[in-house]
Amino acid sequence: MRLSRYFLPVLKEAPAEAEIASHSLMLRAGMIQQLSAGIYNWLPLGHAVLKRIEQIVREEMNRAGAIEILMPTIQPADLWRESGRYDAYGKEMLRITDRHERDMLYGPTNEENVTDIFRRHVRSYKQLPLNLYHIQWKFRDEIRPRFGVMRGREFLMKDAYSFDADFEGAKRSYDAMFLAYLRAFSRMGLTAIPMVAETGPIGGNMSHEFQILASTGESAVYYDAAFEEVDLGAPDLDIERLKSLYAATDEMHEPEKCEVAADRLRAGRGVEVGHIFYFGTKYSEAMGATVTGPDGSDVPVEMGSYGIGISRLVGAIIEAFHDERGIVWPEDVAPFKVGLVNLRPGDEATSAMADELYAKLEKAGVTVLLDDRDERAGVKFATMDLIGLPWQVTVGPRGVAAGTVELKARGTGEREEMTPEALLARLS
Ligand code: ATP
Ligand code: MG
Ligand code: MG
Ligand code: MG
């Protein structure tokens with residue numbers, strides 16, 4: 001992409017309404033623009049990151065055996081009356097009346113919707129296990145939308161729903177999602193700590209919130225230092241051990257029951273980026289979603305739901321990865337891998353080398369943003385630092401005369417002079 005032809009409305013000033021770094025940086029880097037409280041336009045750079053996060057989540061869901069569908073944003077109230085949640089949900093639900101005076105709503109989540117799909121098609125335990133997920137916009141009329149996309153009213157969520165014939169199956173489904181979550185967050189460069197969460201009347205330990213640590217997080221969190229030593233990418237990750245390690249948000253933290261030695265108990269603040277929940281037959285019983293078991297009798301299906309805040313993650317990742325100059329994207333979620341700066345677009349030799357590098361990188365499948373604007377060098381470098389692409393390549397007249405370009409790693413700030421050939425080998 002050539003910056004001269006792109007749409008990157010960066011702001012010079014830090015916007016006054018932004019209370020935290022990620023919100024401010026997303027506005028400054030031209031990633032989002034507010035349309036109404038908690039409702040955002042996703043501009044090209046923000047959209048690119050959103051799609052990359054979505055894709056990582058999709059790949060890990062598919063790898064865990066979940067199957068993608070797409071349910072609508074608008075749902076009929078009658079479905080929610082069946083589960084009893086239409087009245088229970090309260091003001092967070094955006095209620096709509098259509099032209100025929102039918103009560104509709106903008107979905108805050110999809111348990112009822114997916115249970116309805118299930119009950120219409122699945123009859124036997126032999127068709128299980130089944131896990132259906134979608135990645136769809138949700139609306140919750142949050143009383144206090146804030147921190148930009150971190151607590152929006154309209155937000156993008158991945159929500160998966162598992163169906164099993166019995167508890168053992170439901171536990172297997174839960175554990176598969178637990179692992180998929182750890183993998184997905186670690187691919188984004190994040191350490192997400194699974195914390196025991198409220199299970200309500202169901203009880204047990206089958207609800208976890210995945211929290212990433214950030215000083216601006218909304219809840220206080222307490223966890224065993226052992227989490228900092230776990231290799232979340234390890235293929236032989238022991239889920240039972242992870243579940244047995246102490247980790248709780250302030251709501252669930254019980255100092256008198258916590259057995260972690262004082263010097264091993266970490267305290268911090270966390271952002272909830274995902275939540276997995278086993279809720280048994282709560283919806284299947286209310287909505288008549290049953291399957292025939294091996295003995296021929298009908299049983300309500302065992303269910304769980306598994307959410308990831310895709311749009312919240314864009315902000316959460318920036319909270320974890322930024323410095324005083326701007327965003328520092330982990331490579332796997334970066335909107336472009338390389339920012340290529342043509343220092344002197346008016347100079348023929350410089351432009352020839354920048355254009356050639358651009359073409360060759362793109363040909364090698366590397367995503368590149370080429371700054372070919374007629375701007376001062378300082379402005380170009382500041383823009384690159386602000387938008388945080390992992391690799392910055394500078395092509396200028398002096399280097400071109402010497403046959404070199406400069407490579408800078410955004411994360412470490414390390415710079416290196418090298419030939420264009422060496423650069424291509426390094427980045428592709
Ligand atoms: P919170 O405690 O932050 O209000 P929640 O517990 O109500 O979140 P869940 O119902 O568990 O949210 O939804 C699954 C995921 O969706 C959350 O873990 C979070 O990442 C994301 N999410 C929830 N509400 C919002 C929101 N208002 N804006 C952005 N993401 C959200
Ligand atoms: Mg909430
Ligand atoms: Mg919560
Ligand atoms: Mg939650």
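Which residues are the closest to ligand 1? Select ligand 1 and look around: 14 residues surround ligand 1, and the closest are F155, H275, G307, G309 and R312. A residue counts as near a molecule or strand if its C-beta atom, placed from the backbone, lies within 6 Å of it.

Before moving on, some housekeeping. This is a predicted model, in which local features need pLDDT of at least 70 and side-chain atom pairs count only at pLDDT 80 or more, while totals for chains, interfaces and linings use all residues. Residues are numbered from 1 along each chain as its sequence is written, and chains are lettered from A and ligands numbered from 1 in the order in which they are written.

**Stop 1: the shell around ligand 1**

Colour the shell by element. β8 (154–164), β13, β16 and α9 (310–320) each supply at least two of its residues, and β13 gives the largest share, four residues. Helices (H or I, at least four residues) and strands (E, at least two) are DSSP runs, numbered from the N terminus. By type, the shell around ligand 1 divides into three nonpolar, six polar and five charged residues. Here Ala, Val, Leu, Ile, Met, Phe, Trp, Tyr, Cys and Pro count as nonpolar, Asp, Glu, Lys and Arg as charged, and the others, Gly among them, as polar.

**Stop 2: β13 and its partners**

Now select β13, residues 265–280. Two strands pair if DSSP finds at least two bridges between them. β10 (207–213) pairs with β13 in the antiparallel sense over seven bridges; find S207, whose bridge partner in β13 is F277. F277 also has a bridge partner in β16, namely S305. β16 (302–309) and β13 are antiparallel too, over six bridges. Then show β11 (219–224), which pairs with β13 in the antiparallel sense over six bridges, with D224 opposite L265.

**Stop 3: α1 against α9**

Axes are lines fitted to C-alpha atoms, for helices over the stretch in contact, and angles run from 0 to 180 degrees between N-to-C directions. Show A21, S22, H23, L25 and M26 of α1 with G315, I318 and E319 of α9 to see the contact; two residues are in contact if their C-beta atoms, placed from the backbone, lie within 7 Å. The residues of this contact divide into four nonpolar, three polar and one charged.

**Stop 4: a five-stranded sheet**

Next, bring up the open sheet with the order β20-β19-β21-β22-β23 and mixed pairing. Its edge strands, β20 (368–371) and β23 (415–418), each pair on one side only. From one strand to the next, the twist averages 20°. β19 (338–342) and β20 pair in the parallel sense over four bridges, and L369 in β20 is the bridge partner of G339. Helix α10 (348–363) packs on the sheet, touching β19, β20 and β21 (391–395), and its direction makes about 165° with that of β19.
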